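Please keep the sequence and the structure in view while reading.

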Amino acid sequence: MTQRFTPPEVKGWCPGLFAPMQAKDGWLVRVRPPLGRITAAQAVFLAQIAEREGNGLLCLTNRASLQLRGFSHNNALRFPELAVLAGLGMANPEHEKRLALLVSPLAGCDRSCAPDTLECAAALRMALCHADNLSVLPDKFGFAVDGGGLFTVGLLKADITLQANGAGLWSVVCGNQKSKAAPIQTIVELAVKLAQAFTAIPEGKRPARYPATGKMLFQAIHQPYYPAEVTSAAVPDPALLAGSIGAALYALNASLGILTSTMLRSCAHHARNGDGILRLTPWHSIILHGMPYAPHVADMVDTSTNPILRVSACMGNAGCAQAEGATQALAKTLAHSLGAGESLHVSGCSKGCAHPAKASWTVVAAQNGYGLIHNGTTSGPVMRFFPDDTAVEDYFIGTKPQERIMNGRV
C-alpha cells in the first residue's frame with residue numbers, strides 16, 4: 001500500500017490571548033501566565049471559564065501555556081478581557097504578543113536553580129514590554145530564562161535564551177552561539193538587541209533559527225560570540241515529571257498534555273495547602289510546592305514509572321481539521337509496549353506540532369493509514385505502513401522493540 005500524506009497547512013503562527021484560533025472542536029484561546037505560574041484562584045477561574053464557555057478541556061502546551069478548547073467565536077473574543085482582569089495577561093495586545101517567555105519552573109523553590117532567575121526573568125519581561133519594535137517578531141519566536149537546577153541548563157528551548165553562569169552572571173544563547181558572561185541588565189539589553197537584529201532580516205532571507213541564526217545575529221550587532229553547548233535532550237528525566245521531585249515539591253503530569261476542568265480545580269485545591277502556586281512546565285506537568293503530603297489528582301500521572309510520560313500526541317482528528325486520524329487513544333495503548341527508555345510520538349499529520357523533535361518511534365496518520373518512523377521526526381522516512389490504527393496496535397503489541405527495528409530493515 002502506498003501511503004498518502006496530505007501536506008498540512010502551515011499557519012506560521014500560534015494562538016494567543018488576543019489571537020484565538022479556530023479548530024475542529026471550536027475556537028482555541030490561550031493564556032501565557034506570567035513567569036509560567038498561576039495562583040490557585042486563577043486556576044479555579046480558568047476551570048470555570050473552560051466549563052461555562054468552552055468544552056471543559058484545557059491543554060498544557062510545550063511553551064508552558066494553557067489552552068482552552070471548544071469556545072464559540074463570540075466567547076473567544078470576550079475571553080481576553082476576562083483573562084486580563086484575572087491577572088492572566090497584559091491589557092496591551094502588543095505587550096502580550098511579545099511575552100513568549102519560558103522560565104525555569106522551579107525558580108525560587110529549587111536551591112540548585114540560580115537564585116536570581118526570577119529577577120532575570122522579571123527584567124527581561126519588562127524590557128520586552130518596552131521594546132515596541134519587537135512587535136513584528138514572528139509569533140513563534142520565543143525567549144527563555146534558564147537558571148538550571150533540577151531541570152538542567154539547556155532543557156528550555158527558545159530562539160533567545162538567557163542562561164545562568166553562576167556568581168550572578170548570565171549569558172545569552174542564540175542557536176549554537178553564546179555571549180560572554182555578564183550581569184543581568186547587560187545580558188537583558190543584549191537579548192533585546194539580538195531580537196531587534198532578527199526583525200531587520202527580510203523574511204525570505206531568515207535562516208532556520210537553529211543553529212545558523214546565532215552567528216548571524218551576533219555579527220549583526222558587532223558582539224563577540226563563542227560556541228555554546230546545546231543539549232539534544234527534548235525532555236527531562238521522567239523522575240522530574242511526576243511524583244515527588246524534591247523537598248516538598250510534587251509534579252502532577254497531564255497525560256498527553258490534556259486536562260479537564262475538574263483536574264485543574266483539584267490541582268488548585270492541593271496548591272492551597274502549600275504555597276498556593278501552580279507552576280507550569282513545557283513537559284505537561286504542574287508542579288506544586290509546600291504541601292505536607294503527596295497530592296493525588298484523579299487521571300493525572302503522579303508516579304515517574306508510568307510509560308505515558310515518554311509519549312506525546314496531538315489532539316488528532318477529534319480536535320484538528322488537518323489531522324488524518326485518531327491519536328490520543330492510540331498513543332495511550334502503544335505506551336504500554338514501549339521498551340525501557342524509549343519514547344513515542346503519535347501525530348495526526350506530518351506537521352508534528354506536539355513534538356517537533358525526534359522520538360524512538362513516531363506514528364503519523366495519513367489519508368489511508370498510519371506510517372511508522374524509527375528514531376526520527378514526523379518528516380522522517382517511513383519504515384512500515386499500516387492500513388489503520390488497529391493494525392498499528394497489533395504490531396506494537398505483537399513485537400518487541402528490537403524486532404521492530406529489525407523488521408524495518410527487511
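## A buried tryptophan and its partner

In this predicted model, W283 has a relative accessible area of 7%, and because buried means under 20%, W283 counts as buried. F151 is buried as well, with a relative accessible area of 4%.

A pair of aromatic rings is described by the distance of the centres and the angle of the planes. For F151 and W283 the ring centres lie 5.0 Å apart and the planes meet at 25°, so this pair is stacked. Since F151 belongs to the loop between β7 (143-146) and β8, while W283 belongs to the loop between β15 and β16, the pair ties together parts that are 132 residues apart in sequence.

## Other aromatic rings

Across the whole structure, a search finds eight aromatic pairs. One of them joins F141 and F143, whose ring centres are 5.6 Å apart and whose planes stand at 65°, so the pair is edge-to-face. F141 and F143 are both buried.

Elsewhere, W361, F386, Y395 and F396 are linked by ring pairs into a cluster. The face of W361 also has R404 lying over it, at 5.7 Å from the ring centre.

Between the C-alpha atoms of T399 and F218, which are 181 residues apart along the chain, the separation is 50 Å.

## The second largest pocket

The second largest pocket holds about 170 Å³ of space, and its lining consists of V153, G154, Q163, A164, N165, V173, K178, P227, A228 and E229. Strand β8 (residues 160-166) gives the most to this lining, with three residues. Sorted by class, the lining of the pocket has five nonpolar, three polar and two charged residues.

## Helix α7 and what covers it

Helix α7 spans residues 261-271, and S261, M263, L264, C267, A268, H270 and A271 are buried in it. The elements that cover these buried residues include the helix α1 (40-53) as well as the strands β4 (57-60), β13 (249-253), β14 (258-260), β15 (277-280) and β16 (285-289). Two of these strands, β15 and β16, are also the ones on either side of the loop in which W283 lies.

Key: Residues are numbered from 1 along each chain as its sequence is written. This is a predicted model: local features need pLDDT of at least 70, side-chain atom pairs count only at pLDDT 80 or more; totals for chains, interfaces and linings use all residues. Side-chain values use heavy atoms; hydrogens and water are left out. Buried means under 20% relative accessible area, exposed over 50%, partly exposed in between (1.4 Å probe, protein chains only). Helices (H or I, at least four residues) and strands (E, at least two) are DSSP runs, numbered from the N terminus. Contact means heavy atoms within 4.5 Å. On a 1 Å grid over the protein atoms alone, a cavity is a set of points where a 1.4 Å probe fits but cannot get out, and a pocket is an open set with protein on both sides within 12 Å along at least five of seven lines; lining residues have an atom within 4 Å of a point. Grid points are joined across faces, edges and corners, and a volume is the space filled by probe spheres set on the points. Ala, Val, Leu, Ile, Met, Phe, Trp, Tyr, Cys and Pro count as nonpolar, Asp, Glu, Lys and Arg as charged, and the others, Gly among them, as polar. Rings of Phe, Tyr and Trp (its six-membered ring) pair if their centres lie within 6.5 Å; planes under 30 degrees apart count as stacked, over 60 as edge-to-face and the rest as tilted. A charge sits over a ring if NZ of Lys or CZ of Arg is within 6 Å of the ring centre and within 35 degrees of the ring normal.
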